[in-house]
Amino acid sequence: MRVIYSLFDARLYSTLGEKSPSERKILAFFAGSMHIYLRPIVVQIWENKEPDMKIFGPLPRDRDGKKKYREHMKSSRFCICARGYEVHTPRVVEAIIN
């Protein structure tokens with residue numbers, strides 16, 4: 001893995017009603033497709049191994065799957081942005097805004 005960036009601006013949470021990172025119960029979250037060599041390794045190493053880490057392969061793309069993804073992201077201090085087809089930046093922004 002490369003570098004972990006932690007972005008926090010208390011002003012965002014006052015308008016969104018979210019908990020600050022120190023109040024979130026999940027240490028790290030990852031869910032995604034297994035289209036690049038690194039992603040299956042992340043899942044193999046951490047899935048169901050640490051109680052404070054929520055690591056999944058692909059979640060269903062239905063309404064419930066998307067809701068679960070958002071809720072895990074909102075409850076996590078860190079979102080693991082494993083290399084993939086997409087740029088890393090949208091996930092970091094998604095983690096802050098959602």
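Glu 71 and Lys 74 sit three residues apart in helix H3, about one turn of the helix. The two form a salt bridge, with the closest N and O atoms 4.0 Å apart. A search of the whole structure turns up one salt bridge. Keep in mind that this is a predicted model.

**The pair in H3**
- Side chains of opposite charge can pair when their charged atoms come close.
- Glu 71 counts as partly exposed because its relative accessibility is 39%.
- Lys 74 is also partly exposed, with a relative accessibility of 25%.

**Elsewhere in H3**
- Helix H3 covers residues 63-74, and Arg 63 is found in it.
- Arg 63 has 74% relative accessibility, so it counts as exposed.
- His 72 is another residue found in helix H3.
- Is His 72 buried or exposed? His 72 is buried, because its relative accessibility comes to 14% and the cut-off for buried is under 20%.
- Which residues does His 72 touch, leaving aside neighbours within four places in sequence? The contacts of His 72 are Ile 26, Phe 29, Lys 54 and Phe 56.

**Surface patches**
- A patch of positive charge on the surface brings together Arg 61, Arg 63, Lys 66, Lys 67 and Arg 70.
- There's a nonpolar patch on the surface too, formed by Tyr 37, Ile 41 and Ile 45.
- Together, Tyr 37, Ile 41 and Ile 45 have about 330 Å² of accessible area.
- Ile 41, one of the residues in that nonpolar patch, lies in helix H2, which runs over residues 38-46.
- With 37% relative accessibility, Ile 41 counts as partly exposed.

**The loop between H2 and S2**
- Glu 47 has its place in the loop between H2 and strand S2, the strand being 53-55.
- Glu 47 is partly exposed, since its relative accessible area is 29%.
- Setting aside neighbours within four places in sequence, Glu 47 is in contact with Val 42, Ile 55, Phe 56 and Gly 57.
- Phe 56 is on the contact list of Glu 47, and Phe 56 is on the list for His 72 as well.
- How far apart in space are Glu 47 and Phe 30, C-alpha to C-alpha? The distance is 9.3 Å, with the two residues 17 apart in sequence.
- Asn 48 is in the loop between H2 and S2, and its relative accessible area of 73% makes it exposed.
- The backbone of Asn 48 is worth a look: phi is near 60°, a positive value in a residue other than glycine.
- Most residues other than glycine have a negative phi.

**The chain as a whole**
- The chain has four helices and three strands.
- Reading from the N terminus, the elements go α-β-α-β-α-β-α.
- The chain has 98 residues, and 31% of them count as buried.
- Take the contacts between residues at least 6 apart in sequence: 67% of these join residues at least 24 apart.

Note on methods. Residues numbered from 1 in each chain as written. Predicted model: local features only at pLDDT ≥ 70, side-chain atom pairs only at ≥ 80, totals over all residues. Heavy atoms only, no water. Patch = residues over 30% accessible without salt bridge, like charges linked within 9 Å, V, L, I, M, F, W, Y side chains within 5 Å. Areas by Shrake-Rupley, 256 points an atom, 1.4 Å probe, with all protein chains shown as cover. Salt bridge = Lys/Arg side-chain N within 4 Å of Asp/Glu carboxyl O. Lys, Arg positive; Asp, Glu negative; His and termini not counted. Charge placed at Lys NZ, Arg CZ, Asp CG, Glu CD. Helix = DSSP H or I, 4+ residues; strand = E, 2+ residues; numbered from the N terminus. Buried < 20%, exposed > 50% of the residue type's maximum accessible area, 1.4 Å probe, protein only. Contact = heavy atoms within 4.5 Å.
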